[in-house]
Amino acid sequence: MAIYTATTLQGLENVLSNELTDLGATISEVHNRAVTFEGDLAMLYRANLCLRTALHILQPIHQFTARSDEELYKQVNAIDWKQYFDIDQSFAIYPTIYSEYFQHSQFAALRVKDAIADRFRADFGGRRPAVDKANPDFKIYIHIKGSTCSLLLDSSGESLHKRGYRTEANQAPLNEVLAAGMILMTNWRGQSNFIDYMCGSGTLLIEATMIALRHAPNLYREQFAFMQWRNYDEKLFNRTCHEVADQQLDEWEHWAIGGDINAQTIQIARQNVQRAQLEDYIRLSVKDFMNSQLPNNGGMLMMNPPYDMRLQDDDIVAFYKNMGDTLKKNYQNTQAWILSGNMEALKNIGLRPTRKIKLLNATIECGFYCYELYEGSKKTPKNEQQDPDNEPF
Ligand SMILES: C[S@@+](CC[C@H](N)C(=O)[O-])C[C@H]1O[C@@H](n2cnc3c(N)ncnc32)[C@H](O)[C@@H]1O
């Protein structure tokens, strides 16, 4: 058994923790943008293959105290680095520092890099591994909180949000990890159609379909950093892949239904869906949401409408009002989830949200609101300010 840390986006920590529990891991602690868990080597492989809301899976390797760059150098230099990697493998250092003792994270990272290089030089007659910031074999994270320094090895390599299906994107695509996290926050697991009529590059539709089919998001990735580790067990990894593949479904009685007003965007979405090999489950068409209807056999709606200010203020108010009117008129008896970075504009939907979740889309603070559109759905009270449910965060 070992301790690992899965990192994620802000706001998705509990979703990630639930995902880990479902995989059979034992949760040690939920942190800000990370979850620490216990598991064996197979669990490390499964976490990398299956977690939808993790960015990287890290293994803590050393913890020590340091209060200056020199102390940091000495502690890192004292580690026998050849137990982790070879002189012909490249490395890079990634710092995260919240400490009054270390003001410049890049300088601290440089001292860690020097300490590792010097240790190799001392052990290998002046030779040292190369630093490769673009594509290192070994990503070494240094986290410093106060005087507590932790070194962690990245087992994933490239971030796990890069599933491989989205090489082309429209403007403002959602991060795949955020899209999966949004879906997992609802109770939707494939029990109805999933509709996104502002689908852009199709991220929500693809993530939803993978959830419905129990497809592991990174099962077909060819490279994980742990494949370079000394303890890499190829047989165990292959067995884990087979076990994960056995749990996947190839039939789903519902559809992911997507549309976008822009024909070129739908073309991009189509290519992404094909790359994900999900064209048998996702239907796409060019469509104006404002003229759309809930399909006869229903479905849950989730959309990420435009909210940037390229639309003039008046237009954005009218756009959101129109969206609300369409929901009220054409989407009765369902649930709609809207992610928007424009909280003012969201008020113009004119429906009272039954859930309000705060999320970060890249650096933009967003509201992820649920609207229950069942008969007798409550309208937004005239005086919104007096309604605590409608207060901005
Ligand atoms: C923020 S993007 C969605 C990004 C998407 N979630 C992704 O991951 O790529 C908003 C999308 O809404 C589309 N859109 C804007 N107005 C629309 C309308 N009236 N009906 C349908 N789609 C619309 C835009 O073309 C754009 O692709």
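The questions and answers below concern the ligand site, the salt bridges, some helices and strands, and backbone angles.

Colleague: On what basis are residues numbered and values computed here?
Modeller: Numbering starts from 1 along each chain as its sequence is written, and side-chain values use heavy atoms, with hydrogens and water left out. The model is predicted, and local features need pLDDT of at least 70, side-chain atom pairs count only at pLDDT 80 or more, and totals for chains, interfaces and linings use all residues.

Colleague: How many residues surround the ligand, and which are the closest?
Modeller: A residue is near a molecule or strand if one of its heavy atoms lies within 4 Å of it. The shell divides into 10 nonpolar, 7 polar and 3 charged residues; here Ala, Val, Leu, Ile, Met, Phe, Trp, Tyr, Cys and Pro count as nonpolar, Asp, Glu, Lys and Arg as charged, and the others, Gly among them, as polar. In total 20 residues surround the ligand, and the closest are S201, T203, D260, D288 and F289.

Colleague: What share of the ligand's accessible area does the protein cover?
Modeller: An oxygen atom of the ligand is 2.6 Å from an N or O atom in the side chain of S201. Accessible areas come from the Shrake-Rupley method with a 1.4 Å probe, and for residues only the protein chains shown count as cover. Of the 610 Å² of accessible area that the ligand has on its own, the protein covers 90%.

Colleague: How many residues apart in sequence are the parts that the D86 and R230 pair ties together?
Modeller: The side chains of D86 and R230 meet in a salt bridge at 2.7 Å, N to O, a salt bridge being a side-chain nitrogen of Lys or Arg within 4 Å of a carboxyl oxygen of Asp or Glu. D86 lies in the loop between α3 (69-77) and β5 (91-98) and R230 in the loop between α6 (203-212) and α7 (234-246), so the pair ties together parts that are 144 residues apart in sequence.

Colleague: Are D86 and R230 buried, exposed or partly exposed?
Modeller: Buried means under 20% relative accessible area, exposed over 50%, and partly exposed in between (1.4 Å probe, protein chains only). The relative accessibility of D86 is 32%. With 48% for R230, both residues count as partly exposed.

Colleague: What separates D118 from R121 within helix α4?
Modeller: Helices (H or I, at least four residues) and strands (E, at least two) are DSSP runs, numbered from the N terminus. The side chains of D118 and R121 meet in a salt bridge of 2.7 Å, N to O. The two residues are 3 apart in helix α4 (residues 105-123), a separation of about one helical turn.

Colleague: Which strand pairs with β12 in the antiparallel sense?
Modeller: Two strands pair if DSSP finds at least two bridges between them. Strand β11 (residues 300-303) pairs with β12 in the parallel sense over 3 bridges, and A336 in β12 is the bridge partner of L301. On the antiparallel side, 6 bridges join β12 to strand β14 (residues 364-372).

Colleague: How many residues of β12 are buried?
Modeller: Q335, W337 and L339 point one way from β12, while A336, I338 and S340 point the other way, and all are buried. Strand β12 (residues 335-340) is largely enclosed by the rest of the structure, because the buried count is 6 of the 6 residues.

Colleague: Which residue's backbone nitrogen does N175 reach at the start of α5?
Modeller: Helix α5 (residues 176-185) is mostly covered, with 10 of its 10 residues buried. At its start, a side-chain oxygen of N175 reaches to within 2.7 Å of the backbone nitrogen of V177.

Colleague: What is phi of Q277, and where is Q277 found?
Modeller: Most residues other than glycine have a negative phi. Q277 counts as exposed at 64% relative accessibility. The residue is found in the loop between α8 (263-275) and β10 (282-286), and its phi is positive, near 55°.

Conventions
A polar contact is a pair of N or O atoms within 3.5 Å; within protein, one must be able to donate a hydrogen and the other to accept it, and residues adjacent in sequence count only if both atoms are side-chain atoms.
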